[in-house]
Amino acid sequence: MNLRIPGPTPVPAEVAQAGAAEMVDHRGPEFAAIMERVTTGVKEVFQTKNDLAILTASGSGAMEAAVVNHISPGEEVIVVTVGEFGKRFLDLTNVYGARPIEVAFEAGEPADPNRIEEVVKANPQVQTVLVTHNETSTGITNPLKDIAKAVKGAGRFLIVDAISSLSSIPVEADAWDLDVVLSGSQKGWMVAPGLAFVSMSERSKEVQSKTTTPRFYLDLKRAVDSAARGQTPWTPAVSLFFQMDKAIELLKAEGMENVYARHHRHGERVRSGLQSLGLTLFAREGYRSDTVTAVLVPDGVDVANLRKVARSEFGLVLAGGQGPLASKLFRFGHLGYCTDEAVEDGLAAVAKTLEKLKS
Ligand SMILES: *Cc1c(COP(=O)(O)O)cnc(C)c1O
């Protein structure tokens, strides 16, 4: 099967095999060495010298960790939303009793840094702003560097969901002064689902020490303190650390600049290939993601049926739309372990699927 969904993504054979290695003591020297290498490697990709926590959780676990460690009940926060994953931050802050002020942009549009700056300035009582870098549900990459300028320029604390961009699209955590940055193993990292990454600035520690929300499993201070001893507070997904160790080796061998260039090239190819089939891309031009492409289904075509035919007849696994866009879109993932051949085969399979649906 050609798995072209925006996560989980295909795992290279070498990475899968690495995960099959003999189990080790998670409090022993082998694990400490792997933990050290993986932490260093992930920090390089985040382009940060900040602390990094590696959680055994999916990406949403990292989002929850960001919220419970930095936001207190009753606190007003600003949540920027351009789609379903922005809404997840909204849900999370609500669940934990915070009072989110939503800055919403229409689906398919990017977040506008100027409008964010206006809302931030109009709300001096708000300390924290939460934003999605790459909105996987609509295929949008937000202008994070400019958003960070607006938020950090106003002296606020910035939490970034970079789950479906980090390791595929450049994110410069330190140069852009991002306080908390999140990613997850099953997106660009070429690893099975189950590990999540959280980097945190010096200021983050100060904010954590004042946050009154209870936390236990997702306590980031515990994670950072344990990491200093080459451990995690709780039993980690050891086999996924084995996979990460290998995947980082592969990313380094390719070179991050080449990894980013490959994602851009595949993004361009998928966009032009799908448009040449007469399809309409959903996201605003200029902000289209290099990790996932969202496509409007042609009139009269049922998304579920299109995905079913693509899968059963042509071996192509596509994602549907999410939330209110469920029946309007399909999504083609091109992040992580993705070859030119997988892109070409995927485009050819979409063409054949459309032909088949017409007849
Ligand atoms: C995948 C994803 C998440 C996390 O989803 P999980 O299923 O919990 O891993 C969060 N944000 C974005 C932008 C994502 O693409």
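A polar contact is taken as a pair of N or O atoms within 3.5 Å; within protein, one must be able to donate a hydrogen and the other to accept it, and residues adjacent in sequence count only if both atoms are side-chain atoms. The model is predicted, with local features requiring pLDDT of at least 70 and side-chain atom pairs pLDDT 80 or more, while totals for chains, interfaces and linings use all residues. Residues are numbered from 1 along each chain as its sequence is written, and side-chain values use heavy atoms, without hydrogens and water.

An oxygen atom of the ligand lies 2.7 Å from a side-chain N or O atom of glutamine 186. The corresponding distance is 2.7 Å for lysine 187 and 2.5 Å for serine 58. The protein covers 87% of the 380 Å² of accessible area that the ligand has on its own (Shrake-Rupley method, 1.4 Å probe).

Elsewhere, helix 11 (residues 303-314) packs against helix 12 (residues 340-358) at an angle of about 115 degrees, with the axes 9 Å apart. Axes are lines fitted to C-alpha atoms over the stretch in contact, and angles run from 0 to 180 degrees between N-to-C directions. The contact (heavy atoms within 4.5 Å) includes Leu306 and Val309 of helix 11 and Leu354 and Leu357 of helix 12.

Note on methods. Helix = DSSP H or I, 4+ residues; strand = E, 2+ residues; numbered from the N terminus.
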